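Please find below some notes for a first reading of this model. They are set out as numbered points.

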Number of protein chains: 2
Amino acid sequence: MDELVLAGDLGGTNLRIAAVDADGRLLYRAEGETPRHSDACKIVDAVVCLASECLAAIGSDGEVRGFGLAIPAIIQSDENRIFSSPNLPELNGFDLSGELTKKLGLSVTLENDATAAAIGEHWLGASRGFDSSICVTLGTGVGGGIILNGKPVRGPDGTAGEIGHICVEPLGVACGCGSNGCLEQYSSASAIVRMAGELLKEFPDSKLRCIENYNASNIFECGIADDLLCVEVFRRAGMYLGIALSGLINVLNPEVIVIGGGVAEGWELFIEHVRAEIRKRAFQQPAERARIVRAALGGDAGIIGAARFAFGKTA
Amino acid sequence: MDELVLAGDLGGTNLRIAAVDADGRLLYRAEGETPRHSDACKIVDAVVCLASECLAAIGSDGEVRGFGLAIPAIIQSDENRIFSSPNLPELNGFDLSGELTKKLGLSVTLENDATAAAIGEHWLGASRGFDSSICVTLGTGVGGGIILNGKPVRGPDGTAGEIGHICVEPLGVACGCGSNGCLEQYSSASAIVRMAGELLKEFPDSKLRCIENYNASNIFECGIADDLLCVEVFRRAGMYLGIALSGLINVLNPEVIVIGGGVAEGWELFIEHVRAEIRKRAFQQPAERARIVRAALGGDAGIIGAARFAFGKTA
């Protein structure tokens, strides 16, 4: 009888839970929508429903050791307590792990989603085999997870890793966090859409003008087809990402930097600009050390990381 | 018979060596000048001379366990090898620890000076009792040392901690490192002198005009006497330091940030600007967590840190 865990990724939109074995194989997956704008109990019910589906599917074939759940929130890991959950505010201060344990009879561990993704990539993905890695997720926002000497850096408040809120332009665009010029305002999917809008006037011939409600994927597709506006947007996104990563390379000397999230689809349009900034701005030796690679686990990084700590491993 | 170590701080100008006991007390100090612009053997001789003076002074009262030496260079600590020594280029690639061991008959450990200062402050100074701390030294340049989970962050190349080369102004002043807008160009003693010069035209009444070859101390003294130019220079230095520290707070969630070096003498002129940027730019919870304090050990931080690892402790 194999040892298994349940692992989940509770996103702002989607909820996914899987039964995962000790090699990180997803033996069964259950997916649904995250109940929004209601109350925490609805979220508990949705998680319990999908978790039960997984447990039923694996039947008596495995001994389930625990349940790891990645969530978009700040967690004080000593206490397994949700401190701040901007995307799912109904979870603020809610005892999610306690409620799930009660209903599922499993020990439940919560982890910040970006840290979980870093742990997943470190276990079985792009940073596997490296002791020190930085994981940057370029999605709606910009998230980050850091592993040094083989251990996730969480900090006493569980807030470490907020790479998206490194300042890259002191008097730059106002950020939701209260600061100005955060990386998130230049290298996230939302930033790419905003920057494209700002540049429309300068590029009257851009094909983007013909697309209603364009998104970051549209901008990428036009960029690949040499649309100058879209090429410029990804150049800026890459340049600012490079500025932030240069600082991290100088300060932390990581072996590998893993870039994931939806915007990473635009890899070929931005990565050379990231590398150019690093060559210019970071010290030569750590810059040559730091491999800049694409995330390998895609949307599964969080769930695989959650499985890893459900198995009681620290990274 | 007490257990002792020798500990030294080999600066670009001064060389200081002391006999230190297990409580970090400096029992005997020997000081001299660092031989410059000659060859590495002259440096070895100078170190051996002062170390021998210390050994003679303590006589047979103590058993000397080893010799820790802080130097202004990048050291790959696994190999105790000097990789890059911009301020004392004669040490590049030189086997300093091997030569000293041969002449003194002691095991010699080298450590980067900024990391040594962080270890010293962590052992007996301003960050004592905190598991995670960041030490910033505002001197001719801006150095940094980071301790997370009680361990110094060195990185695989020994280059971690280069806080002075975080970019705080993407198109800013050219830095010796090849980048633009590094913190060092705004918050070091040299930057303070340069910024004062740039502002002279805008402040025709500044008292600084009457001081020939003014230095950072002169600018501080005039600032304390409400000279508007000098007040503005320290405001800028503090603002940029605050921008860099906000990023570090968001990324590393440290418990304490220790600020030392000559520029810290201007504390009352710049610290409120540092704090204002942190309040504005860092997330509330880690910003409230991070105490911003002055270094407690002054010029002895490096030597005390060097003693700590000569005793075989990691931090």
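How many residues does helix α7 of chain B have, and how far does it reach from its first C-alpha to its last?

1. Helix α7 of chain B (residues 228-252) has 25 residues and reaches 35 Å from first C-alpha to last, close to the expected 36 Å. The expected span is 1.5 Å times one less than the number of residues. Helices here are DSSP runs of H or I with at least four residues, strands are runs of E with at least two, and both are numbered from the N terminus.

2. The model is predicted, so local features need pLDDT of at least 70 and side-chain atom pairs count only at pLDDT 80 or more, while totals for chains, interfaces and linings use all residues. Residues are numbered from 1 along each chain as its sequence is written, and chains are lettered from A and ligands numbered from 1 in the order in which they are written.

3. Of the 25 residues of α7(B), 19 are buried, so the helix is largely enclosed by the rest of the structure. Buried means that 20 or more other C-beta atoms, placed from the backbone, lie within 10 Å of the residue's own. B:Asn253 follows α7(B) and has a positive phi, near 50 degrees.

4. Chain A has an open sheet of five strands in the order β10-β9-β8-β11-β12, with mixed pairing. At its edges stand β10 (151-152) and β12, each with a single partner strand, so one side of each has no neighbour in the sheet. Strands count as paired if DSSP finds at least two bridges between them.

5. Strand β11 of chain A (residues 256-260) has five of its five residues buried, so it is largely enclosed by the rest of the structure. A:Val256, A:Val258 and A:Gly260 point one way from the strand, and A:Ile257 and A:Ile259 point the other way.

6. β11(A) pairs in the parallel sense with β8(A) (residues 133-138) over five bridges, and A:Ile134 has A:Ile257 as its bridge partner. The pairing of β11(A) with β12(A) (residues 291-294) is also parallel, over four bridges. There A:Val256 is partnered by A:Arg291, and A:Ile257 stands opposite A:Ile292.

7. Between the chains, 34 residues of chain A are in contact with 34 residues of chain B, contact meaning C-beta atoms, placed from the backbone, within 7 Å. On the chain A side, α7 (228-252), α8 (267-281) and α9 (284-289) each give two or more residues. The largest share, six residues, comes from α7(A).

Technical notes:
Contact = placed C-beta atoms within 7 Å. Buried ≥ 20, exposed ≤ 12 C-beta atoms within 10 Å, placed from the backbone.
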